[in-house]
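Hello,

Here is the structure we spoke about. Please open it first, then read the notes below.

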Amino acid sequence: MMKLLITGICGFVGSTLARSLLAAQPGITIYGIDNFSRPGSESNRIELQNLGIKLYHGDIRAQADFEPLPKVDWVIDAAANPSVLAGIDGRTSSRQLVEHNLLGTINILEYCKRCAAGFILISTSRVYSIAPLAKAAVEPCGEAFRLVPGQPLPAGLSSNGVSELFSTTPPVSLYGSTKIASELLALEYGESFSFPVWINRCGVLAGAGQFGRPDQGIFAFWINSWLRRKPLAYIGFGGNGYQVRDALHPRDLVPLLIKQTSAGTGDATRIVNLGGGAANAMSLAELSSWCRERSGSHQVSSTPESRRFDIPWLVMDCSLAKEIWGWEPQTGISAILEEIASHAEANPAWLELSGIG
Ligand SMILES: NC(=O)c1ccc[n+]([C@@H]2O[C@H](COP(=O)([O-])OP(=O)(O)OC[C@H]3O[C@@H](n4cnc5c(N)ncnc54)[C@H](O)[C@@H]3O)[C@@H](O)[C@H]2O)c1
């Protein structure tokens with residue numbers, strides 16, 4: 001039976017994948033490594049250990065921390081600083097970001113080379129060029145932006161979202177560039193040392209247990225803040241909260257990951273987009289309406305000026321993943337939001353645990 005290492009296993013995505021993979025494939029052996037740099041990640045440690053997962057407290061930036069790890073068949077890389085503002089927000093330096101997200105990947109790839117293990121990168125929609133995305137004309141439709149119909153759009157952009165054909169020319173944010181550099185190195189290592197590599201470019205991931213930070217877990221942050229009547233603000237694009245994102249539950253990745261870990265090297269499309277898609281997209285203003293209906297009223301303030309790297313409409317077109325892998329998201333956005341809200345009710349100190357004080 002397969003032996004698998006998940007990096008960043010105590011983070012939101014890593015822990016969700018570990019639980020869901022174990023549920024889907026009970027015979028699988030899962031190991032995990034995490035440096036617990038994400039506030040709140042410690043809270044997953046005991047539960048994962050109780051599931052029989054062997055956890056290593058280690059840092060993927062340090063080669064020596066790979067020495068105690070056993071030989072595995074596959075690695076899923078979910079250890080990174082996932083904030084689009086990382087490196088420029090004064091909280092994380094650019095060097096720290098690059099060391100976590102790129103040097104860390106290189107160390108994992110060297111480990112895969114030693115073990116002859118396959119590698120799956122949890123990459124991001126943030127590898128796509130910001131300028132053409134920001135330039136596409138949008139208009140309000142109810143409480144949400146949509147692409148203005150009939151406009152000439154760049155290759156890879158349509159009302160279904162951004163496809164793999166969309167430009168990845170910088171600027172894509174420092175975060176996005178560490179991920180696309182990781183993608184390139186992974187593909188090159190896989191080719192040079194004959195191990196399989198899959199690149200899964202995910203849009204916004206959301207669900208219960210996501211640490212509620214505005215720069216990384218916007219749905220969890222918004223719902224938790226709304227429930228506790230903490231300050232919320234619509235930032236940018238006129239300050240109406242019409243900016244749109246789609247949401248995907250990370251457990252919906254599991255059927256794809258199972259197929260990928262059964263596939264080998266050779267000619268194949270190695271990069272796919274994965275996201276909730278247009279059917280699971282929502283604006284912040286719509287999210288507020290959902291919160292209002294579920295939990296009563298709350299005031300949201302407004303800052304019309306946009307922040308760097310902000311994009312008014314970002315939805316993933318996942319038709320390639322459907323075509324190649326038969327993959328589609330399973331969890332609708334209402335179920336995702338309800339799951340987050342129930343979790344928020346059960347965990348009243350979730351924002352504090354997530355490092356928001
Ligand atoms: N959250 C999203 O919406 C989203 C979207 C697309 C892609 N991703 C990708 O998914 C992955 C996981 O994101 P997440 O939302 O679970 O973030 P997270 O912060 O919840 O989890 C990341 C985990 O990695 C650990 N970690 C960070 N640096 C490490 C290091 N140097 N060594 C060991 N462990 C380290 C952290 O402690 C944390 O537990 C990232 O690679 C991110 O780029 C996330």
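A polar contact here is a pair of N or O atoms within 3.5 Å; within protein, one must be able to donate a hydrogen and the other to accept it, and residues adjacent in sequence count only if both atoms are side-chain atoms. This is a predicted model, where local features need pLDDT of at least 70 and side-chain atom pairs count only at pLDDT 80 or more, while totals for chains, interfaces and linings use all residues. Residues are numbered from 1 along each chain as its sequence is written, and side-chain values use heavy atoms, with hydrogens and water left out.

The ligand comes first. A polar backbone atom of Phe 12 is 3.0 Å from a ligand oxygen. For Gly 11, a polar backbone atom is also 3.0 Å from an oxygen of the ligand. Val 13 places a backbone N or O atom 2.8 Å from a ligand oxygen. Alone, the ligand exposes 820 Å², and the protein buries 97% of that (Shrake-Rupley method, 1.4 Å probe).

Now the aromatic rings. There are eight aromatic pairs (ring centres of Phe, Tyr or Trp, its six-membered ring, within 6.5 Å; planes under 30 degrees apart are stacked, over 60 edge-to-face, the rest tilted). Trp 222 and Tyr 234 are stacked, at 5.6 Å centre to centre and 20° between the planes. Phe 145, Phe 237 and Tyr 242 form one cluster.

Last, a charge over a ring (NZ of Lys or CZ of Arg within 6 Å of the ring centre and within 35 degrees of the ring normal). Lys 54 sits over Tyr 56, 4.9 Å from the ring centre. Lys 113 lies over the face of Phe 193, at 4.4 Å.

Best wishes
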